[in-house]
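I opened my notebook to go through a protein model piece by piece. Here is what I looked up, in the order I looked.

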Amino acid sequence: GEHPTLQFRNDIKFAAQLDALGYDEFWVGEHHSTGWEMIASPEMFLAAVAEHTHRIRLGTGVVSLPYHHPFNVAQRMVQLDHMSGGRLIFGSGPGALPSDAYVLGIDPITQRDRQDGAIGVLKRLFAGERVTHQSDWFTLQDARLQLFPLQEELPMVVASSISPSGMTLAGKYGIGVLSIASNSTEGINALPTQWGFAEEAADEHGSTLDRADWRVLLAYHLAETREQ
């Protein structure tokens, strides 16, 4: 029932309040078809937030990689890292909403494999490599970024739900995890076994993981008193 313009303004003010209160991170995702998750471009919104905040880290939670050419994603993330003064955390996922994939004409069966391929290319681009890549959905020809992240190493995380796929990707590439399904009973029940999938993949691919880079999404009710 709120006007979208007003909601955008209020969300920016909310981020500024969190920054003033000393919160560490602020995350914004990407959605296209439900009508109530309004932000279609997390990097555009976070660029606005960056102008109203000073120290809080800004995370894309998440950019749905199968929806975009990875080279364009890389350029936008580098630009946002510079515009935010090196506060970006780059979070990615395969795309959670079937309706988004339907609108874009993407076969849901391909989304996880596409995310896997995109992350591999993105890590190489962020590292300054020149990349030639051919797949069934994007092509790169001798591609190298014009600019590189302001941070010496851009923090990357991957979304994880209930299946092992997100954790396996995190282990494969040695990046962090954002567990997004933990508000559900199934998501909570899956947590005790999740990290093991990441460790197995890391061992298989010779990567290193840090459990401190595992973020778990939970909802909290803050009452006026401990009794309440």
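Before any helix pair, I wrote down how packing gets its numbers: axes are lines fitted to C-alpha atoms, for helices over the stretch in contact, and angles run from 0 to 180 degrees between N-to-C directions. I also noted that helices (H or I, at least four residues) and strands (E, at least two) are DSSP runs, numbered from the N terminus.

The model is predicted, with local features needing pLDDT of at least 70 and side-chain atom pairs counting only at pLDDT 80 or more, while totals for chains, interfaces and linings use all residues. Residues are numbered from 1 along each chain as its sequence is written, and side-chain values use heavy atoms, with hydrogens and water left out.

**Entry 1: α6 and α7**

I started with α6 (residues 165-173) and α7 (185-205). Their axes are 7 Å apart, and they pack at an angle of about 35°. I looked up the handedness too: the crossing of α6 and α7 is right-handed (left-handed if the near helix is turned anticlockwise from the far one by less than a right angle, right-handed if clockwise).

Which residues meet here? From α6 I listed Met-167, Thr-168, Gly-171 and Lys-172, and from α7 Gln-194, Trp-195, Phe-197, Ala-198, Ala-201, Ala-202 and His-205. Contact means heavy atoms within 4.5 Å. By class I got six nonpolar, four polar and one charged. For the classes, Ala, Val, Leu, Ile, Met, Phe, Trp, Tyr, Cys and Pro count as nonpolar, Asp, Glu, Lys and Arg as charged, and the others, Gly among them, as polar.

Next I checked what is buried in α6 (under 20% relative accessible area; exposed is over 50%, partly exposed in between, with a 1.4 Å probe and protein chains only). The buried ones are Gly-166, Met-167, Leu-169, Ala-170, Gly-171 and Tyr-173. They pack against α5, β7 (156-160), β8 (176-179), α7 and β9 (214-216). Just past the end of α6, Gly-174 takes a positive phi of about 65°.

**Entry 2: α3 and its partners**

I moved on to α3 (residues 70-83) and α5 (residues 111-126), whose axes are 10 Å apart at an angle of about 45°. So α3 and α5 are oblique to each other. The cut-offs: under 35 degrees is roughly parallel, over 145 roughly antiparallel, 65 to 115 roughly perpendicular and the rest oblique. The crossing of α3 and α5 is right-handed. On the α3 side I found Pro-70, Phe-71, Val-73, Ala-74, Met-77 and Val-78, which meet Ala-118, Leu-122, Leu-125 and Phe-126 of α5. That contact has 10 nonpolar residues, with no polar and no charged ones.

What about α2 (residues 42-50) and α3? Their axes come within 10 Å and cross at roughly 10°, so α2 and α3 are roughly parallel to each other. Glu-43, Leu-46, Ala-47 and Ala-50 of α2 make the contact with Arg-76, Met-77, Leu-80 and Met-83 of α3. I sorted this contact of α2 with α3 into six nonpolar, no polar and two charged.

**Entry 3: Thr-60**

Is Thr-60 buried or exposed? Thr-60 is buried, because its relative accessible area is 0%. Thr-60 sits in strand β2 (residues 57-60). Not counting residues up to four places away in sequence, Thr-60 touches Trp-27, Val-28, Pro-42, Leu-46, Met-77, Leu-88, Ile-89, Phe-90, Gly-91 and Ser-92. A polar atom of the Thr-60 side chain lies 2.8 Å from the backbone nitrogen of Gly-91.

**Entry 4: Ile-106**

I found Ile-106 in the loop between α4 (98-104) and α5. Ile-106 is buried, since its relative accessible area is 11%. Pro-66 is 40 residues away along the chain, yet the two C-alpha atoms are separated by 8.1 Å. Ile-106 touches Pro-66, Tyr-67, Ala-101, Gln-111 and Arg-114, again leaving out residues up to four places away in sequence.

Asp-142 is not a glycine, but has a positive phi of about 50°. Asp-142 is in strand β6 (residues 139-143) and is partly exposed, at 48% relative accessible area. I also found a cis peptide bond joining Gly-61 and Val-62, with omega about 10°. Val-62 is in the loop between β2 and β3 (63-64).

Notes: Polar contact = N/O pair within 3.5 Å; in protein donor to acceptor, adjacent residues only side chain to side chain.
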